[in-house]
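Reader: Could you take me on a close look at a single part of this model? I'd enjoy one connected walk through a strand and its surroundings, at the level of individual residues.

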Amino acid sequence: MSGPNNEYDPVQVTPLGAAEVEAMRDDALAAIAAASDLDALKHVRTEHAGDRSPLGLANREIGALPPAARKEVGARVGQARGAVNQAIAARQAELDTEAEERMLAEETVDVTLPWDRTPRGARHPITTGSERIADVFVAMGWEVAEGPLVEAEWLNFDALNLGPNHPARTMQDTFWTEPAENAIVLRTHTSPVQARTMLTREPPIYVVCPGRVFRTDEYDATHSPMFHQVEGLVVDEGITMAQLKGSLDHFAQAMFGEGIVTRFRPSYFPFTEPSAEVDLVCFVCRGQQPTMASCRTCRGEGWIEWGGCGVVNPRVLTACGVDASKYTGFAFGMGIDRTLMFRHGIADLRSFFEGDVRFTTAFGSEI
Ligand code: DAH
């Protein structure tokens with residue numbers, strides 16, 4: 001066996017000489033500095049600081065060196081590895097910060113960007129208006145009643161004391177369906193809902209009935225073959241015209257503001273006796289001079305025609321199965337479209353029906 005070779009000085013021999021170790025370290029530091037992202041740095045860590053990296057292999061070799069050489073080489077390799085690990089940690093911190101900043105920048109939400117490019121729809125003003133009207137009565141404990149648009153002639157006319165030869169039938173220009181012997185019409189008013197209600201329930205009755213009605217009218221700024229009415233019906237013991245007046249004054253104020261009262265003008269409807277036309281005090285000039293003289297809303301009248309009303313004709317009560325000796329009632333009917341035209345200053349009835357979203361959205365998303 002040969003003895004140790006004293007001539008051999010491993011400290012000076014490659015690959016663990018100072019120059020080589022420095023070169024390994026410098027290579028590693030250069031690679032670390034060049035790592036431009038976290039993935040690249042991960043790769044550099046394996047290549048230059050892993051077990052199989054030049055410095056990792058050098059470290060492993062230390063154990064095989066003669067004891068005299070171990071300390072110096074150990075210190076040299078250890079320092080180089082320390083420097084490399086430190087540089088990796090520093091670069092890692094730098095890249096982490098960069099990545100975080102990039103993420104913050106990329107994920108920033110610009111709250112000043114327009115958000116309403118997708119147009120939002122609005123409920124139709126007739127829908128919201130009808131609900132608003134119904135709510136006024138529901139708040140007083142009334143119920144909402146509805147009926148079909150295609151109605152039996154008997155309910156639209158006869159039950160309401162408008163017999164076949166009644167002259168007032170022609171006041172309501174009627175759409176008849178074919179064949180005529182079926183006696184089916186498009187309802188000309190919401191009053192048949194009165195008859196339907198009395199036929200199906202017992203008094204006390206307090207109902208409000210908003211809905212569509214049809215007449216063979218011209219289509220112009222104030223007429224349409226399809227429009228909307230709201231009907232009211234009360235049948236109870238001891239009902240008089242006074243309660244009708246009070247209910248309509250309340251309705252008028254709920255729609256047009258405090259102090260808006262109604263006045264009754266004598267009129268005729270077959271289903272009510274006595275009957276009246278209801279006017280609203282003009283909500284612009286309030287019937288007060290000098291404004292009234294030049295008021296464009298009421299045309300100087302001080303009053304605006306609103307609808308019809310009256311005490312339910314006992315013949316109607318009887319036709320609909322209500323004991324007319326025990327009960328009395330009142331009823332009224334108004335145009336919803338007309339009411340909303342006043343309320344919102346709408347000049348042309350056709351605006352409701354032409355589907356221009358600029359009109360409906362002007363009412364906002366009122367619910
Ligand atoms: N139905 C009537 C019309 O369409 C309106 C009306 C008048 C309804 C008087 C009523 C009423 O309930 O009492 O012209």
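Author: Val-144 faces Val-208, a residue of strand E4, in this predicted model. That pair belongs to the contact between E4 and strand E1 (residues 143–144), where the two run in the parallel sense and share two bridges. E4 itself spans residues 205–214, and eight of its ten residues are buried, so by the cut-off each of those eight has under 20% relative accessible area.

Now for another partner of E4. Strand E5 (residues 226–236) pairs with E4 in the antiparallel sense, over ten bridges. Here Cys-209 stands opposite Glu-231 of E5.

Glu-231 also leads us to the ligand, as it is among the closest of the 16 residues that surround the ligand, together with His-189, Ser-191, Arg-215 and Gln-229. Let's go through some of the polar atoms there. His-189 places a polar side-chain atom 2.9 Å from a nitrogen atom of the ligand. For Ser-191, an N or O atom of the side chain is 3.0 Å from a ligand nitrogen atom.

Taken on its own, the ligand has 350 Å² of accessible area, and the protein covers 92% of that. E5 is one of the elements that give two or more residues to the shell around the ligand; the others are strand E8 (303–312) and strand E9 (328–335). Sorted by class, that shell holds nine polar, five nonpolar and two charged residues.

Key: Residues numbered from 1 in each chain as written. Predicted model: local features only at pLDDT ≥ 70, side-chain atom pairs only at ≥ 80, totals over all residues. Heavy atoms only, no water. Buried < 20%, exposed > 50% of the residue type's maximum accessible area, 1.4 Å probe, protein only. Helix = DSSP H or I, 4+ residues; strand = E, 2+ residues; numbered from the N terminus. Pairing = 2+ DSSP bridges. Near = heavy atom within 4 Å. Polar contact = N/O pair within 3.5 Å; in protein donor to acceptor, adjacent residues only side chain to side chain. Areas by Shrake-Rupley, 256 points an atom, 1.4 Å probe, with all protein chains shown as cover. Nonpolar A, V, L, I, M, F, W, Y, C, P; charged D, E, K, R; others polar.
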